[in-house]
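Please look through the structure below with the report beside you.

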Amino acid sequence: MLESFAPTMAPRVRFAPSPTGFLHVGSARTFIFNWLYARHNKGTMILRLDDTDVGRNTQASVDSIFEGLKWLNLGWDEEYKQSERIDLHRKTAWAIFEKGLAYRDFTPAHTGEAEKSGAQGTWLFNPGAREISPAESDRRAAAGEPFALRFRVPHEGDQAVRFTDAVYGEQAKLAADIEDFALLRSDGMPTYHLASCADDADLRISHIIRGQDHLSNTFKHVLIFEAAGSRPPQFAHLPLLVAPDGTKLSKRRHGPVVSVTTYRDAGFLSEAFINFLCLLGWSPKNDRENMSVQELTEAFSLEGINRSNAVVNFKESTVAAEATPPNVAIPSEVRESDFAALGFAAPEDTFDPKALWLNAEHIRALPVEELSARLLPIVHAAGFQVTEDKMLRITPLIRERIKLLRDVLTAADFFFVDQLPPYDPAELIPQKGDAAMARRVLEKGREVLANVEFKHDPLDQALRAAAQELGVKAGQMFQPIRVAVCGRKNAPPLFETLEVLGRETTLKRIEQALQKIA
């Protein structure tokens, strides 16, 4: 009798990363979709570290996965490590063996001549091992001869393995086309297939939501679930994320743009990044794009997942140049935050334009206080000693002017420095004016600003009156002063800028501008 959930039971889903590399954007999307499905249906979100591949696991990868998930700030309800559940995996394997659905394979590993081709070009590992009698199998095992434990796939007749995928629909494959896959290796360690299914059954996972690259594995998993006496969960496979040229995203080919914390370090908001990933392979019924995590949770359903692969529209030429510095090899266990240390950068045009647009929209939607609190650590990390109060006054002036949090360092740099970097004195000359006009405006500005109250309205009134007195247009009055205090024409509104800079800094910079134009 197969065990199963009652139809009304809340779903239990899991995210099961292997710690063999950093947290890939595709893995992050899988985590997010599982999380949204669990929260939408008031279910349970489980994090399970599939860490039984001891030859490839690294602590750096474990740290990387948790670092990326921590930044996403979604959380989970239960946490497990597969390496702590080995006894369960072995117990499951031997239970399948006792039912006659697995057998010992004593063929030494890596002997290519022992491999035989099966139906449809599939490969069976020494299919003759299936025919060893139970008595001989027990005798050889008792004598200490090493063996792997293999699943006895039913190759007789036209039996098919079937399941219904929530995204890709009905799936079927002839059992004769499935090789006798290993459950336990010769050292007694479980294979991925066995460990994953044993844990899913034991943790009562109701829905397995994972990448489409696992679709072909699912036939084996259905066999394991049924052999272990558990009803297979509902499967939902997600379309792949691909580069603009259609190739699957990979660290080796595409570099740091596939790493979650590249986006964090570039200045993305986690909620905007979540929003962006959700739109890669899923869409709400009303085709909305800019959505909060709460709105995504309310709208999410498996029915909204598309079958077509989703393209991440980054600039491949930029990524290739940035991702492959000369003579720098990328260790497989490198943490994503180590990319910067290896000389990698992520210029703005690296990223998908939609990701940048969504991030800018989410930035504008943040309350000033919250945005200021997120910007301040970036400013401090750059070496600028800015107070919370000053940052709070600067933030509304640049909120509409930044796409990434790190843009604060270029959009508001003149607020942070004592001395402006060099700029072209020609920038001080107003439109349809000359150097003499710029000098007169700056001298008049210096005179007026020495005495006016440094508040928006008094500054506005005083400088407009000065323009009239000089016989110039307001724009011709404002431009030289803006360039003098900001070092460029493109800057936040003038009066608010002057108010934050203060009288002393403003007059000092105007004096320096007069020296430049002289």
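How many salt bridges does the structure hold? The structure holds 31 salt bridges, a salt bridge being a side-chain nitrogen of Lys or Arg within 4 Å of a carboxyl oxygen of Asp or Glu. This is a predicted model, in which local features need pLDDT of at least 70 and side-chain atom pairs count only at pLDDT 80 or more, while totals for chains, interfaces and linings use all residues. Residues are numbered from 1 along each chain as its sequence is written, and side-chain values use heavy atoms, with hydrogens and water left out.

**Salt bridges**

| Pair | Distance |
|---|---|
| Asp200 and Arg14 | 2.9 Å |
| Arg39 and Asp77 | 3.1 Å |
| Glu370 and Arg374 | 2.7 Å |

The salt bridge of Asp200 with Arg14 links distant parts of the chain, since Asp200 lies in helix H5 (residues 192-202) and Arg14 in strand E1 (residues 12-15), 186 residues apart. Here helices (H or I, at least four residues) and strands (E, at least two) are DSSP runs, numbered from the N terminus. Asp200 has a relative accessibility of 2% and so counts as buried, and Arg14, at 6%, is likewise buried; buried means under 20% relative accessible area, exposed over 50%, and partly exposed in between, with a 1.4 Å probe and protein chains only. Both residues also belong to a network of salt bridges that links Arg14, Arg48, Asp50, Arg85, Asp199, Asp200 and Asp202.

The salt bridge between Arg39 and Asp77 also joins distant parts of the chain, with Arg39 in helix H1 (residues 25-40) and Asp77 in the loop between helix H2 (59-72) and strand E3 (78-81), 38 residues apart. Arg39 is partly exposed at 25%, and Asp77 is partly exposed at 42%.

Glu370 and Arg374, by contrast, are four residues apart in helix H13 (residues 368-381), and therefore about one helical turn separates them. Glu370 is partly exposed, with a relative accessible area of 33%, and Arg374 is partly exposed at 25%.

**Helix packing**

Helix H18 (residues 456-470) and helix H19 (residues 474-486) pack with their axes 8 Å apart and at an angle of about 115 degrees. Axes are lines fitted to C-alpha atoms, for helices over the stretch in contact, and angles run from 0 to 180 degrees between N-to-C directions. H18 and H19 are therefore roughly perpendicular to each other, because angles of 65 to 115 degrees count as roughly perpendicular, those under 35 as roughly parallel, those over 145 as roughly antiparallel and the rest as oblique. On the H18 side the contact (heavy atoms within 4.5 Å) is made by Leu463, Arg464, Ala466, Ala467 and Leu470, and on the H19 side by Ala474, Met477, Phe478 and Ile481.

The axes of helix H9 (residues 270-278) and helix H12 (residues 353-365) come within 9 Å and cross at roughly 140 degrees, which makes H9 oblique to H12.

**Two positive phi angles**

Most residues other than glycine have a negative phi. Asp287, although not a glycine, has a positive phi of about 60 degrees; Asp287 sits in the loop between H9 and helix H10 (293-299) and, at 59% relative accessibility, counts as exposed. Lys432 has a positive phi near 60 degrees, is found in the loop between helix H16 (413-416) and helix H17 (435-449), and is exposed at 76%.
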